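Please work through the exercises below with the structure at hand. Each task is followed by a solution in steps.

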Amino acid sequence: MDFGQLISIMWDGILETLYMTVASTLFAYLFGIPLGVVLYVTDKNGIAENRPINSVLGVIVNLLRSVPFLILLVAIMPFTRFVVGTTLGATATIVPLVVAATPFVARMVESSLKEVDGGVIEAALSMGSNNWQIITKVLLPEAKPSLIVGSTIAITTILGYSAMAGFVGGGGLGTIAINYGYYRYQEDIMFITVILLVIIVQIFQETGMKIASGTDKRKR
């Protein structure tokens, strides 16, 4: 493989990895934020306490989180094929990534909401705010810095999952590492993909922490 081919392969791998990671994170938060909010508000002493709902959702979330990603990826292949028509490639990998990441995000959101000062919620209740207003105008805005930090952790975790998907033709840098570095014993390519993944993780991490710091009112 000449240098030009290597650059082309790595560039395509980076784009596929970013596509899988960013798209999966967006969908995971689309489903995970409402789920995390419901887990929080229906918990004991929540603004809409409902133990049966909380218990059922908690069990589902914990079950999905306890399944290793590679096993989950293989187990839901029929569902993946139903949704996108194939089980190979970057787009197909997004489906199991979202399924795996949504419960993780939900717990992150729930944890962030629990950090909100209870006095702020009580003040909103005393002013006649309803549950929807408390969620949208108090809980989520107050928890924004923590939510952003959580999203940084989530996106780096999803990036790691996307690399694991390379074992089953998931696309991206993970597939390059497996096909060239593992099966063809080209250790230099394996090393390069690892370095690229580390760099991408650091970029996500530093960007997320800077944004979180900028939105934290306590540091102004």
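This is a predicted model: local features need pLDDT of at least 70, side-chain atom pairs count only at pLDDT 80 or more; totals for chains, interfaces and linings use all residues.

**Exercise 1.** Determine how helix α4 and helix α5 are oriented relative to each other, and which residues make their contact.

*Solution.* 
Step 1. Two packed helices are described by the angle between their axes and the distance between the axes.
Step 2. Helix α4 spans residues 77–84 and helix α5 spans residues 90–114; the angle at which they pack is about 125°, and their axes lie 9 Å apart.
Step 3. Angles from 65 to 115 degrees count as roughly perpendicular and those over 145 as roughly antiparallel; α4 and α5 are therefore oblique to each other.
Step 4. Their crossing is right-handed.
Step 5. On the α4 side, the contact is made by Phe79, Thr80, Val83 and Val84, and on the α5 side by Thr91, Ala92, Val95 and Pro96.
Step 6. By class, these contact residues comprise six nonpolar and two polar, with no charged residue.

**Exercise 2.** Describe the packing of helix α1 with helix α9 and the classes of residue in their contact.

*Solution.* 
Step 1. Helix α1 covers residues 3–41 and helix α9 covers residues 172–182; they pack at about 135°, with 6 Å between their axes.
Step 2. The pair α1 and α9 is therefore oblique.
Step 3. From α1, the contact takes Ile9, Met10, Gly13, Ile14, Glu16, Thr17 and Met20; from α9, it takes Gly172, Leu173, Ile176 and Tyr180.
Step 4. Seven of these residues are nonpolar, three are polar and one is charged.

**Exercise 3.** How many cavities of 30 Å³ or more does the whole structure hold, and what lines the largest cavity?

*Solution.* 
Step 1. A search of the whole structure finds one cavity of 30 Å³ or more.
Step 2. The volume of the largest cavity is about 70 Å³.
Step 3. Its lining consists of Leu73, Met77, Thr80, Thr87, Ala92, Thr93, Pro96, Ala165, Val168 and Gly170.
Step 4. Helices α4 and α5 each supply at least two lining residues, and α5 gives the most, with three.
Step 5. The lining divides into six nonpolar and four polar residues, with none charged.
Step 6. Thr80, Ala92 and Pro96 belong both to this lining and to the contact between α4 and α5.

**Exercise 4.** Characterise the second largest pocket by volume, lining and residue class.

*Solution.* 
Step 1. This pocket has a volume of about 190 Å³.
Step 2. Its lining residues include Tyr40, Asp43, Lys44, Lys114, Ile121, Glu122 and Leu125.
Step 3. Helix α6 (residues 118–126) provides the largest share of the lining, four residues.
Step 4. By class, the lining holds five nonpolar, three polar and four charged residues.

Definitions and conventions:
Residues are numbered from 1 along each chain as its sequence is written. Side-chain values use heavy atoms; hydrogens and water are left out. Axes are lines fitted to C-alpha atoms, for helices over the stretch in contact, and angles run from 0 to 180 degrees between N-to-C directions. Angles under 35 degrees count as roughly parallel, over 145 as roughly antiparallel, 65 to 115 as roughly perpendicular and the rest as oblique. A crossing is left-handed if the near helix is turned anticlockwise from the far one by less than a right angle, and right-handed if clockwise. Contact means heavy atoms within 4.5 Å. Ala, Val, Leu, Ile, Met, Phe, Trp, Tyr, Cys and Pro count as nonpolar, Asp, Glu, Lys and Arg as charged, and the others, Gly among them, as polar. On a 1 Å grid over the protein atoms alone, a cavity is a set of points where a 1.4 Å probe fits but cannot get out, and a pocket is an open set with protein on both sides within 12 Å along at least five of seven lines; lining residues have an atom within 4 Å of a point. Grid points are joined across faces, edges and corners, and a volume is the space filled by probe spheres set on the points.
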